[in-house]
Amino acid sequence: MKNAFFKAAILAIGICIISIGAVHAQTSPVNTQQDLAASRHKIDSLDDQLMKVLGERERIVKEIGIYKAKNHIPPLQAARFKQVLDKGIAAGNREGLSSEFVTELLNAIHKESLRIEGDSTSMKH
């Protein structure tokens with residue numbers, strides 16, 4: 001369970017970096033306990049933003065899932081996911097993130113999105 005939580009936290013941090021490209025935290029060396037506390041506070045704030053961004057993304061995914069269900073479109077759209085992945089890798093590379101990390105991150109997000117879209121198709125509208 002700890003490993004899953006850790007992995008989710010790492011993935012969340014990565015999506016924050018990718019999704020909130022305009023937010024660039026100013027960094028300074030951590031030399032004191034106060035610096036450490038301040039840096040941890042910044043991380044906590046970014047993690048909160050990350051969860052808000054992921055929540056917003058998944059609410060949009062749910063709406064897309066409803067549309068797809070009404071129009072008999074399958075949840076999995078491989079060409080669209082390839083576009084998302086390619087754009088994410090490019091954005092991640094600009095932020096110094098490895099392609100492997102971004103791929104793993106976006107695959108996890110995609111898996112959750114497909115779950116949410118699948119839930120949307122089982123809802124009656």
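**Ser 99 and the helices around it**

Ser 99 lies in helix 4, in a model that is predicted. With a relative accessible area of 27%, Ser 99 is classed as partly exposed, because that class covers the values between the limit for buried residues, under 20%, and the limit for exposed ones, over 50%. When residues up to four places away in sequence are not counted, Ser 99 touches Ile 89 and Asn 93. Ser 99 and Leu 85 are separated by 14 residues in sequence, and their C-alpha atoms lie 9.6 Å apart in space.

The protein as a whole contains four helices and zero strands, and these follow one another along the sequence in the pattern α-α-α-α. Where pLDDT is low, predicted coordinates should not be read in detail. Of the 125 residues of the protein, 25% count as buried, and the accessible surface comes to about 8900 Å², of which 59% belongs to carbon and sulfur atoms. Among contacts between residues at least 6 apart in sequence, 75% join residues that are at least 24 apart.

Helix 3 comprises 17 residues and spans 24 Å from its first C-alpha to its last, which is close to the 24 Å expected at 1.5 Å a residue. The buried residues of this helix are Phe 81, Val 84, Leu 85, Gly 88, Ile 89, Ala 91 and Gly 92. Seen down the axis of helix 3, these buried residues fall within an arc of 170°, and they therefore line one face of the helix. In an α-helix there are 3.6 residues a turn, so residues three or four places apart point the same way. On the other side of helix 3, Ala 79, Lys 87 and Arg 94 are exposed. Just after this helix, Gly 96 takes a positive phi of about 85°.

The largest nonpolar core has ten residues in all, namely Leu 50, Leu 54, Phe 81, Leu 85, Ile 89, Leu 97, Val 102, Leu 105, Leu 106 and Ile 109. Helix 2, helix 3 and helix 4 each supply at least two residues of this core, and helix 4 gives the most, with four residues. In soluble globular proteins, nonpolar side chains tend to be buried together. Ile 89, one of the core residues, is in contact with Ser 99, Val 102 and Thr 103 when its neighbours within four places in sequence are left aside.

His 110 is found in helix 4 (residues 99–121) and counts as buried, because its relative accessibility is 19%. Apart from its neighbours within four places in sequence, His 110 is in contact with Leu 76 and Phe 81, and Phe 81 is also listed among the residues of the largest nonpolar core. His 72 is placed in the loop between helix 2 (33–70) and helix 3 (78–94), and it counts as exposed, because its relative accessibility is 74%. Phi of His 72 is near 55°, a positive value in a residue other than glycine. Most residues other than glycine have a negative phi.

Note on methods:
Residues are numbered from 1 along each chain as its sequence is written. This is a predicted model: local features need pLDDT of at least 70, side-chain atom pairs count only at pLDDT 80 or more; totals for chains, interfaces and linings use all residues. Side-chain values use heavy atoms; hydrogens and water are left out. Buried means under 20% relative accessible area, exposed over 50%, partly exposed in between (1.4 Å probe, protein chains only). Contact means heavy atoms within 4.5 Å. Accessible areas come from the Shrake-Rupley method with a 1.4 Å probe; for residues, only the protein chains shown count as cover. A nonpolar core is a set of buried Ala, Val, Leu, Ile, Met, Phe, Trp, Tyr and Cys residues joined through side-chain atoms within 4.5 Å. The expected span of a helix is 1.5 Å times one less than its number of residues. The arc is that of the directions from the helix axis to the C-beta atoms.
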